[in-house]
Every structure is written in C-alpha cells, then in structure tokens.
Amino acid sequence: MKLDLVDDRGDAQLSAEALRRLAALPGMVGIKHAVGGIDADTIAFLADLPPDFVVLGGEDAYISPLLALGAHGGILAAAHVAPAEYATLPEAEAQSVPRPSAVPRLRR
C-alpha cells in the first residue's frame with residue numbers, strides 16, 4: 001500500500017487507490033475523512049465509491065463540499081452544539097446538488 005504523504009498532524013494520507021483497496025477488505029464498511037482538506041485523491045475516491053461503502057466527513061470546515069462530492073454524513077465537533085441542525089445537512093445537500101447520475105464520473 002502506498003502512503004502518499006504525512007500531514008501536519010502526523011497522519012498518513014492514503015491515495016484513492018489505497019482507499020479502494022482498503023474498502024475492498026471484508027468487513028470494511030466506511031471511513032471518516034479528516035485529512036485537513038480536499039485533494040485530488042479525495043475527489044477521485046468520492047467520484048467512484050465502492051458499492052455500500054460510507055464516507056463520513058470529519059472536519060467542520062469541509063463537510064459541505066464533501067457532501068457535495070458524495071460523502072454520506074459527518075462526525076463533527078460543531079454538531080455537538082446543534083445536533084438537529086447538523087443532522088439535516090446530508091439531506092439538504094442532496095436536494096441542492098445534482099446527484100452522481102447527473103454528473104460525469106471520473107475514470108480510474
């Protein structure tokens with residue numbers, strides 16, 4: 001498995017291909033995406049998610065764009081302040097953004 005780089009938190013950021021390989025493992029059902037930004041690997045992975053695999057955003061500042069790109073929800077610190085409002089974000093985003101069937105898919 002190729003680790004592309006280490007971010008400012010000391011966490012390894014995985015390539016889209018590495019994430020796909022992990023997602024294919026038995027028992028892997030999802031990930032929390034909290035890598036400090038949205039890069040090309042994030043976009044490539046979300047553009048071609050494995051069936052029944054869930055991506056949850058893990059950073060407040062990036063939850064809206066992650067939802068727009070295909071993430072399913074989030075595990076967010078700010079949601080503790082207003083959980084009911086944050087719980088409506090995925091559905092609100094789904095209503096405001098064309099769904100993947102209307103958006104050209106990236107090819108691997």
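I started with H33 and looked up its accessibility: at 9% relative accessibility, H33 counts as buried, because the cut-off for buried is under 20%. I note here that the model is predicted.

I then asked where H33 sits in the secondary structure, and found it in strand β3, which covers residues 30-33.

Next I listed what H33 touches, leaving out residues up to four places away in sequence. The partners are T42, V55, L56, G57, G58, E59 and L66.

I went on to the sheet. Strands β3, β4 and β5 form an open sheet of three strands in the order β3-β4-β5, with parallel pairing. I marked β3 and β5 (73-74) as the edge strands, since each pairs on one side only.

For the β4 side of the sheet, I took strand β4 as residues 54-57 and found two bridges joining β4 to β5, the two running parallel. I checked L56, a contact of H33, and found that L56 stands opposite G73 in β5.

I stepped back to the whole chain. I counted five helices and five strands, and along the sequence I read the pattern β-β-α-β-α-β-α-β-α-α.

How much of the chain is buried? Of its 108 residues, 29% count as buried, and H33 belongs to the buried class.

I looked up contact range as well. Among contacts with a separation of 6 or more, 45% are between residues 24 or more positions apart.

Last, I noted the surface. The chain exposes about 6,700 Å², and carbon and sulfur atoms supply 59% of that area.

Definitions and conventions
Residues are numbered from 1 along each chain as its sequence is written. This is a predicted model: local features need pLDDT of at least 70, side-chain atom pairs count only at pLDDT 80 or more; totals for chains, interfaces and linings use all residues. Side-chain values use heavy atoms; hydrogens and water are left out. Helices (H or I, at least four residues) and strands (E, at least two) are DSSP runs, numbered from the N terminus. Buried means under 20% relative accessible area, exposed over 50%, partly exposed in between (1.4 Å probe, protein chains only). Contact means heavy atoms within 4.5 Å. Accessible areas come from the Shrake-Rupley method with a 1.4 Å probe; for residues, only the protein chains shown count as cover. Two strands pair if DSSP finds at least two bridges between them.
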